[in-house]
Amino acid sequence: MEPIIKIEHLNKEFKMKDTDVHALQDVSLDIYKGDIYGIIGMSGAGKSTLVRCLNFLERPTGGKVTVNGKDLSALSETDLRKARKDIGMIFQHFNLLMQRSVIDNVCFPMEIAGMNRREARKKAMEYLKIVDLEEKAKAYPAQLSGGQKQRVAIARVLASDPKILLCDEATSALDPQTTKSILQLLKQINREFGITIVVITHEMAVVQEICSHVAIIDQGNLVEHGTVEEIFLAPKSREAKRLIYQGYEKVAEMKGKRCVRIAFSENSSFEPVIGNMVLAFKAPVNILYANTRDLDGVAKGEMVLQLPEDEELAKKMVAFLKNERLAVEELESYVS
Ligand SMILES: Nc1ncnc2c1ncn2[C@@H]1O[C@H](COP(=O)(O)OP(=O)(O)O)[C@@H](O)[C@H]1O
Ligand SMILES: [Mg+2]
């Protein structure tokens, strides 16, 4: 099967007066139909530049982007406009038309496409139903909460019937609870309409909530990619580790205290393993952080343990945990 988005040796340089900014360097990535692909990195890493290269809002300075089998650089302006119809986009700040009502916002792309007004309004109501916002059809954006505005933006993007949806920090302006509900809506859209979704974010929690795959970019370079499960269980790069550990509270307190991160991949609980270890070694461990969550319907989780001072004992405990087929990693060197 061919990927729906194929990125090959992508480069993007911005020529500035004094210096050149190399925003993307030799990025290659395959995204398959039906994926929810996360692209994560710190601010300034090149994430927005990368998504903008996927619809040629930004023209790459090198490399190739193939979407739906079409090499975008080989297309005429007219064909590029056509190709873009398959690619929807939502943003951090929603980009709604403030002087239009909710339903008129959703109708907008259908009107542009030449659909008659009655039919457009009928369809718009269907999309508003999907995003659970029918009763706000006549409201204006200013009267809506952030989450509701993003729902309108999602209804509007569905109205242009995209095959691919690019989300650039779509939940970054929202509180954690609203973020969850928007991510669930994206997941539902992915399932029901088979739309491939690219999620740009700086938060690992967002990736863990909905993504099937993740790519980590740092200073314009792709440093690691794979399934969310692979990366979460055994992050290899320093950047991946940093992004995973950024969710830990009290990170500063973990420094220099013989802390290890353990991650679970099976549908099971940590407690028996920890309990058995404490019994076996007759020595207590501190649980400094624990978090379990639902990843694709399977209970997954991680913990940060503080092991005893005694080095021999701590080593034996690490061996015990590894023997239980847990991913175990010394935390110290990655906690900043
Ligand atoms: N239009 C532009 N002109 C010049 N530099 C840009 C432009 N867009 C982005 N950059 C630079 O490219 C780098 C990556 O930016 P961006 O893709 O916005 O990062 P992110 O979305 O990960 O925060 C940054 O150094 C940024 O300043
Ligand atoms: Mg950005």
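**View 1. C167, a buried cysteine in a predicted model.** C167 is buried, with a relative accessible area of 2%; buried here means under 20%, exposed over 50% and partly exposed in between, using a 1.4 Å probe and protein chains only. The model is predicted, so local features need pLDDT of at least 70 and side-chain atom pairs count only at pLDDT 80 or more, while totals for chains, interfaces and linings use all residues. Residues are numbered from 1 along each chain as its sequence is written, chains are lettered from A and ligands numbered from 1 in the order written, and side-chain values use heavy atoms, leaving out hydrogens and water.

**View 2. Cysteines without a partner.** How many disulfides are there? The count is zero, taking a disulfide as a pair of cysteine sulfur atoms within 2.5 Å. C167 is in no disulfide, and its nearest cysteine sulfur, in C211, sits 9.1 Å away. For C53, the closest cysteine sulfur is that of C167, and at 17 Å it's too far for a bond. C53 is also buried, at 0% relative accessibility.

View 3. The shell (residues with a heavy atom within 4 Å of the ligand) includes F14, M16, V21 and A23, plus the run M42, S43, G44, A45, G46, K47, S48 and T49. Sorted by class, that's six nonpolar, five polar and one charged. In this scheme Ala, Val, Leu, Ile, Met, Phe, Trp, Tyr, Cys and Pro are nonpolar, Asp, Glu, Lys and Arg are charged, and the others, Gly among them, are polar. Helix 1 gives the largest share, three residues.

**View 4. Polar atoms facing ligand 1.** A polar side-chain atom of T49 comes to 2.6 Å from a ligand 1 oxygen.

View 5. E329 is found in strand 14, residues 327–330; strands are DSSP runs of E with at least two residues, and helices are runs of H or I with at least four, numbered from the N terminus. At 19% relative accessibility, E329 counts as buried. Its side chain makes a polar contact with the side chain of K241 at 2.7 Å. A polar contact is a pair of N or O atoms within 3.5 Å; within protein, one must be able to donate a hydrogen and the other to accept it, and residues adjacent in sequence count only if both atoms are side-chain atoms.
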